[in-house]
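The entries below follow the order in which I looked.

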Amino acid sequence: MTALVLGIITLLLCWVPIFNNIIFIVAIVGLIFGIIAMVMVKKNPTKRRGFGMALAGLILSVVSIAGVLITQSIYSKALDAASKAIDDTYSSAAAENAPGSLSGRHRHRIR
């Protein structure tokens with residue numbers, strides 16, 4: 001039951017930018033609980049209850065871990081692109097305002 005609940009929570013929150021760092025750890029805990037639950041159910045074949053829930057929690061935790069890694073990659077690329085755009089804008093503005101440049105607002109007429 002615990003592995004399933006952790007799997008559902010991590011799957012719902014794996015895309016949230018700040019929370020996904022914590023969710024990654026929670027998903028690993030859910031993965032461990034799912035493995036432990038599956039082993040316990042297999043050791044006691046007379047009580048096969050809970051195997052499906054343990055398996056579902058295990059699968060949801062694995063999907064959540066993959067979701068966290070994918071969203072981290074997407075966020076990283078977006079931040080890199082934004083940083084590059086800011087750097088390009090800043091460097092072009094600095095080049096326009098540099099002494100001796102003939103572009104931008106400081107254009108002087110050469111006679």
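**Entry 1: ground rules.** I am working from a predicted model, in which local features need pLDDT of at least 70 and side-chain atom pairs count only at pLDDT 80 or more, while totals for chains, interfaces and linings use all residues. Residues are numbered from 1 along each chain as its sequence is written, and side-chain values use heavy atoms, with hydrogens and water left out.

**Entry 2: the chain as a whole.** I looked up the secondary structure and found three helices and zero strands in the protein chain, running α-α-α from the N terminus on. Helices here are DSSP runs of H or I with at least four residues, strands are runs of E with at least two, and both are numbered from the N terminus. Of the 111 residues, 23% count as buried, where buried means under 20% relative accessible area, exposed over 50%, and partly exposed in between, with a 1.4 Å probe and protein chains only. I also noted that, among contacts with a separation of 6 or more, 63% join residues 24 or more positions apart; contact means heavy atoms within 4.5 Å.

**Entry 3: helix 1 with helix 3.** Two packed helices are described by the angle between their axes and the distance between the axes. Axes are lines fitted to C-alpha atoms, for helices over the stretch in contact, and angles run from 0 to 180 degrees between N-to-C directions. For helix 1 (residues 2-13) and helix 3 (residues 51-96) I noted an angle of about 25° and axes 7 Å apart. That makes helix 1 roughly parallel to helix 3; angles under 35 degrees count as roughly parallel, over 145 as roughly antiparallel, 65 to 115 as roughly perpendicular and the rest as oblique. The crossing of helix 1 past helix 3 is left-handed, a term used if the near helix is turned anticlockwise from the far one by less than a right angle, with clockwise giving right-handed. On the helix 1 side the contact is made by A3, L4, G7, I8, T10 and L11, and on the helix 3 side by M53, A56, G57, L60, S61, V63 and S64. By class, this contact of helix 1 with helix 3 has eight nonpolar, five polar and no charged residues. Ala, Val, Leu, Ile, Met, Phe, Trp, Tyr, Cys and Pro count as nonpolar, Asp, Glu, Lys and Arg as charged, and the others, Gly among them, as polar.

**Entry 4: helix 1 with helix 2.** Here I noted an angle of about 155° with the axes 9 Å apart, which makes helix 1 roughly antiparallel to helix 2. Helix 1 also passes helix 2 in a left-handed crossing. From helix 1, T2, A3, L6, T10 and L13 meet F19, N20, I23, V26, A27, V29, G30, F33 and G34 of helix 2. The residues of the contact of helix 1 with helix 2 divide into nine nonpolar, five polar and no charged.

**Entry 5: helix 2 with helix 3.** The axes of helix 2 and helix 3 come within 8 Å and cross at roughly 155°, and the two helices are therefore roughly antiparallel to each other. Helix 2 passes helix 3 in a left-handed crossing. I noted 18 nonpolar, eight polar and one charged residues in the contact of helix 2 with helix 3.

**Entry 6: helix 3 by itself.** I compared the length with the expected span, which is 1.5 Å times one less than the number of residues. The 46 residues of helix 3 reach 67 Å from first C-alpha to last, close to the 68 Å expected. Its buried residues are A54, G57, L58, L60, S61, S64, I65, G67, V68 and T71, and they pack against helix 1 and helix 2 (19-43).

**Entry 7: two single residues.** W15 lies in the loop between helix 1 and helix 2 and counts as exposed at 53% relative accessibility. Leaving aside neighbours within four places in sequence, W15 is in contact with T71 and Y75.
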